[in-house]
Amino acid sequence: MSDFSANVEGVPSQVFAAHLLASLVAGGARRIFIAPGARSQALTIAAGQLADAGKAELYVRLDERGLGFSALGAALASGEPSIVITTSGTAVANLHPAVLEANHSGVGLILLTADRPAELRGVGANQTTSQPGMFADAVRLSLDLEAPTDGVPQLATLDDVVKQALIAATGVHNTQPGPVQINVGFREPLSALEPNAALLDPEVEIENVNGQIEFAILDAATPTVVIAGADAGPEATELAEAFGWPLLAEPSSGARFGANAVLAYRSILETRPALADKVGRAIVFGKPTLGRAVIRLLFNEQVDVVVVRSRTMGFFDVSRRASAFVDEITVDAEVDFEWLRLWQVADNEIRLSAAADATLGRREIVECIWEATEFADNIVLGASRMIREADLWAPGKPVNVFSNRGLAGIDGTVATATGIALATGQQTRVLLGDLTLLHDAGSLVIDPNDGPLDIQLLVVNDHGGSIFESLEMAKTLDRPTFDRLFRTPQNVNLPTLAAAYGWLHIPVDNEDALRAALTQKGRVLIEVVLG
Ligand SMILES: Cc1ncc(C[n+]2csc(CCOP(=O)(O)OP(=O)(O)O)c2C)c(N)n1
Ligand SMILES: [Mg+2]
């Protein structure tokens, strides 16, 4: 790494900030997300210098809650950790939802949170609260660095700080990637223009440490299904195809494609006991979150549960019944393909009998989005009802599908999608409910400096949270009480909302109009009103 002692002249805050940012960027964290503030000015100036020199990408947002989710989306899509810079106080707390999601879905975020120096903490100074430890166990690493003074002591340990942060955020030492917080006190003067972070050129190398691979040899005779939950990855498809097992893949699994994908798996588990009751083993990839039928299978005492270790989603074992956590699986004999064939026959029967509607409904919306989406484009699914509709109706196709399933919140969906679009430069289609859109309406503010962005927000506007209609309380409560407490109908005028934020609003009520709208470039809000 670099010899910092060579460059300690200047304003200590700036010297430190320049070295910190230049080193993190050199270590592979090349996207920096900033919300403006005074205490963080040295970090922000250094980030601007790196961006001006073409060494980093810089994104500026007003609202730290959306900022955190955009950083998360960019890290998800790129596989590289995002840096997030905020000022002190509530600005830091506004990152909390994105930090929790990043924690549970294994996404690398490096939070640089500016703070008062030690002498101004705990004395009622303006915009000052307890920032170290604010995120509790949701961060992999939490450091509180003393305010830089003459630069030397801080720079001497900077090497170590940068390495620790990058290792924890990326999980390269065989841990789950995730968020880290580096809280830094800054003492006045808070910034200078020298040294220029872009001229420092530190060398940062992080070693990859591979963990031990756990193998399992399974008996081929047990009727097996492969369950691919969120972020399972194509390994699930490969395993199912290698041994002829039915593949039950959620839409954001990254595995819902190929001949073994049984798309109507939920119906089969719920309505075809002749198959469902024969399952003797479930191999789980990623984090399944969408249906009770799959979870019931994992609790079934006749079913042996084998969990494939997930780098991002951690060890999923909701029924506490996993007999093994492994990395690779093989079998002891030939697998009989008759088992797969029975699932495929049932899948075809169910899908052919559920004829598509002539009118534009949720199924047709899902089918149109998948049809319009090419290999390099992105689909983002909001939480709530539409991801479940996608689980029922999305065809098998290898497209990039993202969804925040770490905690399945309805927050931050627009911001996450923006981060994905920014990091990939590809058309990004977001399928979401009306409340999910309104929850994150503030993230419709886009910085014109970001350049052209192709994002389509396809809003299924059913005036409130229609997912709650299928739950217990919808049957017991009277209608007005249910509506007020759960469904929360809204009558926001979406054309006006879109116009206020500079998004093109396209109302759609039939399939042809939807297909045409899905070809529109730029920032588009497509609204389908459904009862
Ligand atoms: C941050 C957060 N708050 C609350 C919830 C609980 N919740 C789940 S779905 C939902 C309603 C979503 O409604 P909408 O986006 O319109 O989708 P719909 O089901 O109507 O398609 C709510 C409030 C949540 N998942 N996340
Ligand atoms: Mg709704």
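This is a predicted model: local features need pLDDT of at least 70, side-chain atom pairs count only at pLDDT 80 or more; totals for chains, interfaces and linings use all residues.
Two strands are taken to pair if DSSP finds at least two bridges between them.

I begin with the sheets. One open sheet has six strands in the order β2-β1-β3-β4-β6-β5, and the pairing is parallel. At its edges are β2, residues 57-60, and β5, residues 141-145, each of which pairs on one side only. Neighbouring strands in this sheet are turned against each other by 15 degrees on average, with direction ignored.

Strand β14, residues 378-381, pairs with β15 in the parallel sense through three bridges, and Ile379 stands opposite Val401 of β15.

Which strands does β19 pair with? On one side, β17, residues 455-461, pairs with β19 in the parallel sense over seven bridges, with Leu458 opposite Ile526. Strand β18 is joined to β19 by four bridges, and these two also run parallel; in this case His505 stands opposite Leu525. Of the seven residues of β19, residues 523-529, five are buried, so the strand is largely enclosed by the rest of the structure.

I now move to ligand 1. Which residues come nearest to ligand 1? Of the 17 residues around the ligand, they are Ser384, Asp434, Thr436, Gly464 and Ser466. Helix α15, residues 434-439, supplies the largest share of this shell, namely four residues.

A polar side-chain atom of Ser384 is 2.5 Å from an oxygen atom of the ligand. A polar backbone atom of Arg385 lies 3.5 Å from an oxygen atom of ligand 1. For Ala408, a backbone N or O atom lies 3.3 Å from a nitrogen atom of the ligand. On its own, ligand 1 has 600 Å² of accessible area, and the protein covers 76% of it.

Is His463 buried or partly exposed? His463 is partly exposed, because its relative accessible area is 29%.

The bond joining Glu188 and Pro189 is cis, with omega about 0 degrees. The bond from Glu194 to Pro195 is cis as well, with omega near -5 degrees. Pro189 is found in the loop between β6, residues 179-185, and β7, residues 215-218, and Pro195 also lies in the loop between β6 and β7. For context, most residues other than glycine have a negative phi, and most peptide bonds are trans.

Finally, I come to the aromatic residues. A search of the whole structure finds six aromatic pairs. In one of them, the ring centres of Phe243 and Trp245 are 5.3 Å apart and the planes stand at 55 degrees, so the pair counts as tilted. Phe243 is buried, with a relative accessible area of 16%, and Trp245 is buried at 0%.

Phe482 and Phe486 form a stacked pair, 6.1 Å from centre to centre with 25 degrees between the planes. Both residues lie in helix α17, residues 479-487, four residues apart, which is about one turn of the helix. Phe482 is buried, with a relative accessible area of 1%, whereas Phe486 is partly exposed at 28%. Ring pairs link these two residues and Phe468 into a cluster.

Thank you for your attention.

Definitions and conventions. Residues are numbered from 1 along each chain as its sequence is written. Chains are lettered from A and ligands numbered from 1 in the order in which they are written. Side-chain values use heavy atoms; hydrogens and water are left out. Axes are lines fitted to C-alpha atoms, for helices over the stretch in contact, and angles run from 0 to 180 degrees between N-to-C directions. Rings of Phe, Tyr and Trp (its six-membered ring) pair if their centres lie within 6.5 Å; planes under 30 degrees apart count as stacked, over 60 as edge-to-face and the rest as tilted. Buried means under 20% relative accessible area, exposed over 50%, partly exposed in between (1.4 Å probe, protein chains only). A residue is near a molecule or strand if one of its heavy atoms lies within 4 Å of it. A polar contact is a pair of N or O atoms within 3.5 Å; within protein, one must be able to donate a hydrogen and the other to accept it, and residues adjacent in sequence count only if both atoms are side-chain atoms. Accessible areas come from the Shrake-Rupley method with a 1.4 Å probe; for residues, only the protein chains shown count as cover.
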